[in-house]
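Subject: Structure for you to look through

Hello,

Here is the structure I said I would pass on. Please open it beside this email and follow along as you read.

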Amino acid sequence: MNSLPPVVYFRKPEPVDLDSLYKQKNDPEVRRRLGGFSHPLSKKDMEDWLESHRKRTDEVLWSIMDRASDRCLGHVGIYRVDPVSSSAELGIMIGFKEAWGKGIGRFAVLHAIEYAFGSMNLNRISLTVLATNERAIRLYTGLGFILEGTLRQAHYSEGAYVDIIAMGLLRKEFHGE
């Protein structure tokens with residue numbers, strides 16, 4: 001179901017990705033769309049983040065790589081894998097704005113979903129997204145994610161409270177069973 005655009009590939013995050021991820025996560029326009037990174041990070045914070053995720057055993061994280069430049073465009077992952085309930089959370093960040101609107105995020109999310117339901121044999125994937133991130137909500141809805149609830153004013157950024165939307169996707173919904 002997922003055919004990657006020829007412009008990107010996925011690999012495990014490496015220390016060489018640090019500079020790109022640092023720039024991305026400190027870009028105010030990128031941060032505005034992400035619930036988990038509402039304030040700037042130091043280089044040390046970013047190093048710690050990368051190293052902690054490289055060591056985790058309850059997640060699978062990929063760098064989204066530009067094939068032509070070998071530059072890290074962002075990351076996508078399956079987080080907080082719960083083998084008992086066969087569920088996990090999905091997260092993605094495309095951090096260079098010139099990569100937005102080209103279908104890369106959709107391909108990356110499809111890659112993660114197919115891996116989660118196929119290789120990991122999960123039953124459920126959940127995610128949360130800021131209500132102000134309309135582009136991401138359209139993407140997730142278009143891939144079959146269902147609105148499961150709203151966490152009212154659960155995120156504070158730039159002097160305003162923002163709702164967080166909770167969404168979920170079951171394997172049988174994704175595979176049309």
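What follows is a short account of what was found in it.

First, some ground rules. This is a predicted model, in which local features need pLDDT of at least 70 and side-chain atom pairs count only at pLDDT 80 or more, while totals for chains, interfaces and linings use all residues. Residues are numbered from 1 along each chain as its sequence is written, and side-chain values use heavy atoms, with hydrogens and water left out.

Helices and strands are named as DSSP runs, numbered from the N terminus (helices are H or I with at least four residues, strands are E with at least two). Buried means under 20% relative accessible area, exposed means over 50%, and partly exposed is in between (1.4 Å probe, protein chains only).

The core

A nonpolar core is a set of buried Ala, Val, Leu, Ile, Met, Phe, Trp, Tyr and Cys residues joined through side-chain atoms within 4.5 Å. The largest one here has 48 residues, and the members that touch the most others are Ile64, Ile113 and Tyr140. Helix H4, residues 104-119, gives the most to this core, with eight residues.

The strands

Two strands pair if DSSP finds at least two bridges between them. Strand E1 (residues 8-11) runs antiparallel to E2, joined by four bridges, and Arg11 stands opposite Ser63 in E2. E2 in turn pairs with E3 in the antiparallel sense over six bridges. Across that pairing, Leu61 has Gly77 in E3 as its bridge partner, and Trp62 stands opposite Val76 in E3. E3 is also joined to strand E4 (residues 87-94), by seven bridges and again antiparallel; there the bridge partner of Gly74 is Ile94 in E4.

How much of these strands is covered? Six of the seven residues of E2 are buried, so E2 is largely enclosed by the rest of the structure. E3 is mostly covered, with eight of its 11 residues buried.

The helices

Helix H3 (residues 43-55) has 13 residues and reaches 19 Å from its first C-alpha to its last, close to the expected 18 Å. The expected span is 1.5 Å times one less than the number of residues. The buried residues of H3 are Met46, Trp49, Leu50 and His53. They lie on the same side of H3, because they cover an arc of only 95 degrees around the axis. The arc is that of the directions from the helix axis to the C-beta atoms. An α-helix has 3.6 residues a turn, so residues three or four places apart point the same way. Helix H1 (18-25), strand E2 (60-66) and strand E3 (72-82) are among what covers the buried residues of H3, where contact means heavy atoms within 4.5 Å.

In H1, the buried residues are Leu18, Ser20, Leu21, Gln24 and Lys25. They too are on the same side of their helix, because their arc around the axis is only 165 degrees. They pack against helix H2 (28-31), H3, E3 and E4.

Positive phi values

Which residues other than glycine take a positive phi? Arg80 is one of them, with phi near 50 degrees. Arg80 lies in strand E3 and is exposed, with a relative accessible area of 53%. Asn121 is another, with phi near 60 degrees. Asn121 is in the loop between H4 and strand E5 (124-130) and is partly exposed, at 46% relative accessible area.

Two hairpins also hold such values. The hairpin of E2 and E3 has five residues between the strands, and Asp70 in it takes a positive phi near 60 degrees. The hairpin of E3 and E4 has four residues between the strands, and there Ser86 has a positive phi near 55 degrees.

An aromatic pair

Rings of Phe, Tyr and Trp (its six-membered ring) pair if their centres lie within 6.5 Å; planes under 30 degrees apart count as stacked, over 60 as edge-to-face and the rest as tilted. A search of the whole structure finds four such pairs. One of them is Trp62 with Tyr115, which is edge-to-face, at 5.2 Å centre to centre and 85 degrees between the planes. This pair links distant parts of the chain, with Trp62 in strand E2 and Tyr115 in helix H4, 53 residues apart. Trp62 is buried, at 10% relative accessible area, whereas Tyr115 counts as partly exposed at 29%.

Regards
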